[in-house]
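Biologist: I've got a structure open and want to go through some side chains with you. Can you take my questions as they come?

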Amino acid sequence: MSNLLQMSALTPSISCGGPAPRNFERDASLAARFDRRLSKFFALLLCGYAILLVVYAPLAELTFTIIHAFMFLITVCLFVAIKDRFLFFLVSNTAWFWSFSTYLYAATHLKPIEDGLFSPIRASSLGLLLLIASALAAGFVHFFRIGSPAAFLRSEAAMRVLSRFRGLIVAVGLVSLSVTAIFPNPTVSSVAGAISFMTWLGLALELRAVRGRFTESGLLWISFGFAAVVALALNGRSVLFSFGLFLIFAYLIFAPRVWNAGILIVAYVAFGAFTAFSDAQINVRSTGILGTGRSALWPTVEKFASIDTLQTILFPFGESAIRQETTDRLRLSLLEGSFGTRYFGLDSGFITRLVNLPYADSVCGLSGAIDRIRWDRLADILVNAMPYVGIEKTEGYADIITWDMGLRDVGNIGFPMITSVCELYTMGGWTFAFVASFFFMALIVFWYRVFLDALGSRVFLILIFSQFAISLTFTTAIITMLVPVVRGFPTTLLALFLLKGVGFAMKAR
């Protein structure tokens, strides 16, 4: 297995016969330090993972424990085999956000590990299936050397030319983000969504240009403020979460030291601010305003601008009035038998979005055996992932499946997160879910290799692909996995190629 998955071999040679350019040498050094830092972090998590498994073993069903023990062992094998720690995170994410996070959530909330799950064994088995499919897909792409021979940006001259356009690249990406909030037209939103990946490319170029000195980058902080406004307009957390994850990975790459008093204070305040925004956003959503056609912008701003926000920033683990109001609505909703995730009870915090097993269980735990493949639904999802140019699209599959199962009234659109593998299971059963998950992860690793071949810098690669981690963890669904693969990455690669050509043409003049 070690030979099959020795992903450190993914790191390309920068030059042929001569010394690597200075900035590429620096990028390689930064990436190596990033790997060392994540190695220590994941080694610590694996120790905690093992302890949680042992502690809960006598308290959980034997089959449940065995399934999660297998997930732990597979993760250990991946940790040993994949030296590229970011790729390890992408491939092993199921273990962290299905198994480890479930155990950690139960331990921190002092609750039985299986309490509130409809079918703990089926939900856990889906997680194990997804992890095995992901590991095999990564090994398949590596073993057969599936990637691109193109290395059109792997030179200092090309990077200097591209860096000249970084402000324009970020501006195009941010405008495309705002377009999705301003224009409801599906064609416009589809094209804008494909271009929005440019934001992260431009910011990666910016951080490289300022050598990771965050305080010297006005472009970075202007972009962050712009994203906050878009997040308010969309009443969504994903945009801010994307920026947060980008900054975390950038900090781990560029910071000379990871821990100091200043960063701990900043991290605490940032966590409190994001928690306060999440509370305000969930509170407004719980009123049902999203289904009425009215804007959620000002209600969200009003909630976020309240004194409760300051209280939450200072005491993010406390109970604010806004959170209590949301809890009361959730309690009434559960008493009325509305669809929800039983495992979390009345907990509406954003941390629950990192615990994926209960979300899958909320549907797949009730679905029973699947005796046919719904090819029509798969075709609908593939069409939805394509750019919207004269194509008739359908509602989200997660909404449709809750209607078909009678969990919610037909037409009640809520975009429930039931996870990609649960969607695949309800679409075609165990074998179909495995094959499709294998295929999707193979596509992800394929694009990882293509960008690495093209850029020659894992610093760029990590920062750009940090956004794909959102699709695997925070907004996990088939459509959110397919959209970057089908639209975002090809568009970004094409834009890089064109910008390089334009830059060299301008330079020649």
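Biologist: Is Arg-374 buried or exposed?
Modeller: Arg-374 is buried, with a relative accessible area of 13%. Keep in mind that this is a predicted model.

Biologist: What does the side chain of Arg-374 meet?
Modeller: The side chain of Asp-404, in a salt bridge with N to O at 2.7 Å.

Biologist: How many salt bridges does the structure hold?
Modeller: Seven. Side chains of opposite charge can pair when their charged atoms come close. One of the bridges is between Arg-377 and Asp-380, whose closest N and O atoms are 3.5 Å apart.

Biologist: How are Arg-377 and Asp-380 placed in helix 16?
Modeller: They are three residues apart in that helix, so about one helical turn separates them. An α-helix has 3.6 residues a turn, so residues three or four places apart point the same way. Asp-380 is partly exposed, with 22% relative accessibility. Buried would need a value under 20%.

Biologist: What about Arg-213?
Modeller: Arg-213 has a salt bridge to Glu-216, side chain to side chain, at 3.1 Å from N to O. Arg-213 is partly exposed, its relative accessible area being 40%.

Biologist: Which residues are linked in a network of salt bridges?
Modeller: Asp-35, Asp-84 and Arg-458. Arg-458 is also one of the buried residues of helix 19.

Biologist: How many residues of helix 19 are buried?
Modeller: Eight of its eight, so the helix, residues 458-465, is mostly covered by the under-20% cut-off for buried. Besides Arg-458, the buried residues include Val-459, Phe-460, Leu-461 and Ile-462. Leu-463, Ile-464 and Phe-465 are buried as well.

Biologist: What reaches the backbone nitrogen of Val-459?
Modeller: A side-chain oxygen of Ser-457, to within 3.3 Å, at the start of helix 19.

Biologist: Switching to cysteines. How many disulfides does the structure hold?
Modeller: One. Cys-364 is joined to Cys-422, with S to S at 2.1 Å.

Biologist: Which hand does the link of Cys-364 and Cys-422 have?
Modeller: Right-handed, with 115° about the S-S bond.

Biologist: Are those two cysteines buried or exposed?
Modeller: Cys-364 is buried at 1% relative accessible area, and Cys-422 is buried at 0%.

Biologist: I might look at labelling later. What are the values for Cys-47 and Cys-77?
Modeller: Cys-47 is partly exposed at 48% relative accessible area. Cys-77 is partly exposed at 39%.

Biologist: New topic. Which residues make the nonpolar surface patch?
Modeller: Ile-265, Tyr-268, Val-269, Ile-307, Leu-310, Leu-314, Phe-315 and Phe-317, for about 890 Å². Helix 11 (261-285) and helix 13 (307-314) each supply at least two of the patch residues.

Biologist: Where does Ile-265 lie, and is it buried or exposed?
Modeller: Ile-265 lies in helix 11, and is exposed, with a relative accessible area of 54%.

Biologist: How many residues has helix 11, and what is its reach?
Modeller: Helix 11 has 25 residues and reaches 36 Å from first C-alpha to last, close to the 36 Å expected at 1.5 Å a residue. At its start, a side-chain oxygen of Asn-260 comes to within 3.1 Å of the backbone nitrogen of Gly-262.

Biologist: Which residues of helix 11 are buried?
Modeller: Among them are Gly-272, Phe-274, Thr-275, Phe-277 and Asp-279. Gln-281, Asn-283 and Val-284 are buried too.

Biologist: Last one. Where is Leu-104?
Modeller: In helix 3 (residues 85-108). Leu-104 is partly exposed, with 38% relative accessible area. From Leu-104 to Gly-48 the C-alpha to C-alpha distance is 8.9 Å, and the two are 56 residues apart in sequence.

Technical notes. Residues are numbered from 1 along each chain as its sequence is written. This is a predicted model: local features need pLDDT of at least 70, side-chain atom pairs count only at pLDDT 80 or more; totals for chains, interfaces and linings use all residues. Side-chain values use heavy atoms; hydrogens and water are left out. Patches are made of residues with over 30% relative accessible area and no salt bridge: like charges are joined within 9 Å, nonpolar side chains (Val, Leu, Ile, Met, Phe, Trp, Tyr) within 5 Å. Accessible areas come from the Shrake-Rupley method with a 1.4 Å probe; for residues, only the protein chains shown count as cover. A salt bridge is a side-chain nitrogen of Lys or Arg within 4 Å of a carboxyl oxygen of Asp or Glu. Helices (H or I, at least four residues) and strands (E, at least two) are DSSP runs, numbered from the N terminus. Buried means under 20% relative accessible area, exposed over 50%, partly exposed in between (1.4 Å probe, protein chains only). A disulfide is a pair of cysteine sulfur atoms within 2.5 Å. The expected span of a helix is 1.5 Å times one less than its number of residues. A polar contact is a pair of N or O atoms within 3.5 Å; within protein, one must be able to donate a hydrogen and the other to accept it, and residues adjacent in sequence count only if both atoms are side-chain atoms.
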